[in-house]
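This report describes selected features of one protein model. Please look through the sequence and the structure before reading on.

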Amino acid sequence: YESILKVPNADEALAEAPDMTLMDLINPSSLKEIHGFVEPYVAANARDESVGKLFEDTRPRFQFERQGFFSPDTVGSSSQQQEKKELVFNRIVGLRDTWAKIEKKDAGKGGKGNRRGERGGGKNNQAATADIPPFNQIELRVGKIVEVWPHPDADKLFCEKIDVGDEEGPRTIVSGLRDFYTQEELIGKRVVVVANLKPSKLRGIESKGMVLAASNADHTKVEVLEPPASAKPGDRISAEGIDIKEHPLPSKPINPKAKTSVWPKVVEDLTVGEDGIARFGESKLLVPGDSEFCTVESLRNTKLG
């Protein structure tokens with residue numbers, strides 16, 4: 001049978017997407033009509049129409065709960081039992097009591113949950129995030145590449161140190177730009193970085209962000225998105241008609257792979273127009289207070305990502 005859940009670890013999936021519930025992870029393919037052996041009591045009641053009347057139906061209904069996976073015990077079952085198919089089954093794998101674990105986790109939050117809520121990290125804040133426009137939840141920052149080296153284990157990847165205005169200094173970001181730029185072309189280049197994505201390891205090196213770039217249809221040409229000439233590392237990128245200060249950023253990094261992640265909703269509407277200017281929907285990307293826009297060098301009418 002197929003697994004009950006759609007993911008291998010429900011706890012991790014729920015931690016990455018707090019607005020989901022365990023029911024969102026149920027695998028619909030695990031619900032099947034099957035035929036098999038039941039306890040005599042169940043079989044007897046299945047033939048008792050009076051039981052069915054309790055449910056205003058001619059057939060009684062039973063709800064079964066899977067307790068684990070079982071295997072026929074060919075040693076423990078006697079030859080007579082085997083002939084009559086009255087087999088003994090042994091449980092070979094038990095199922096974790098995930099429900100109980102989640103209830104215990106929720107019950108134990110207490111004061112910690114309140115403190116997290118005060119600084120914007122609790123479930124209340126996650127619920128409030130649903131009311132914040134997707135673009136306002138993404139932190140686009142101006143960056144300047146200060147160092148570049150080839151990824152030691154990936155032919156198509158560069159590792160870059162990029163100054164995005166962090167107090168601790170430039171952050172490491174891994175980008176698939178090696179087929180399209182030389183190291184010399186990238187050093188000193190100004191780019192636009194998605195700065196609040198959850199860090200992820202790319203071939204063993206942790207990447208703390210993503211460089212936005214445009215590509216042609218067959219991906220033979222890629223150009224990084226460049227901020228206005230007057231912008232400084234750390235400046236936040238906005239879009240015409242959008243007040244990025246109206247809502248606070250989420251307190252936790254955005255997981256782009258989570259089922260409920262806001263990033264796919266944003267990147268879907270990031271494009272480059274006929275004029276080479278980057279847009280979110282119909283709004284041009286810019287640094288608030290600047291009259292210039294974010295652009296790519298030569299690609300036109302394409303997507304950003």
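The count of disulfides comes to zero, where a disulfide would need a pair of cysteine sulfur atoms within 2.5 Å. This is a predicted model. Cys-159 counts as buried because its relative accessibility is 0%, under the 20% limit. Cys-294 is likewise at 0% relative accessibility and counts as buried.

Strand β3 takes in residues 140-150 and is joined by five bridges to strand β6, residues 190-194. β3 and β6 run antiparallel. Within this pairing, Val-142 is placed opposite Val-192 of β6. β3 also pairs with strand β4, residues 158-163, through six bridges, and these two strands run antiparallel. Here Ile-145 faces Ile-162 of β4.

Another strand, β5, covers residues 171-175 and includes Arg-171. Is Arg-171 buried or exposed? Arg-171 counts as buried, because its relative accessibility of 12% is under 20%.

| Group of Arg-171 | Partner | Distance |
|---|---|---|
| Arg-171 side chain | Asp-166 side chain | 2.9 Å |

Which residues is Arg-171 in contact with, leaving aside its neighbours within four places in sequence? They are Arg-141, Glu-160, Lys-161, Ile-162, Val-164, Asp-166, Ala-195 and Lys-208.

Definitions and conventions. Residues are numbered from 1 along each chain as its sequence is written. This is a predicted model: local features need pLDDT of at least 70, side-chain atom pairs count only at pLDDT 80 or more; totals for chains, interfaces and linings use all residues. Side-chain values use heavy atoms; hydrogens and water are left out. Buried means under 20% relative accessible area, exposed over 50%, partly exposed in between (1.4 Å probe, protein chains only). Two strands pair if DSSP finds at least two bridges between them. Helices (H or I, at least four residues) and strands (E, at least two) are DSSP runs, numbered from the N terminus. A polar contact is a pair of N or O atoms within 3.5 Å; within protein, one must be able to donate a hydrogen and the other to accept it, and residues adjacent in sequence count only if both atoms are side-chain atoms. Contact means heavy atoms within 4.5 Å.
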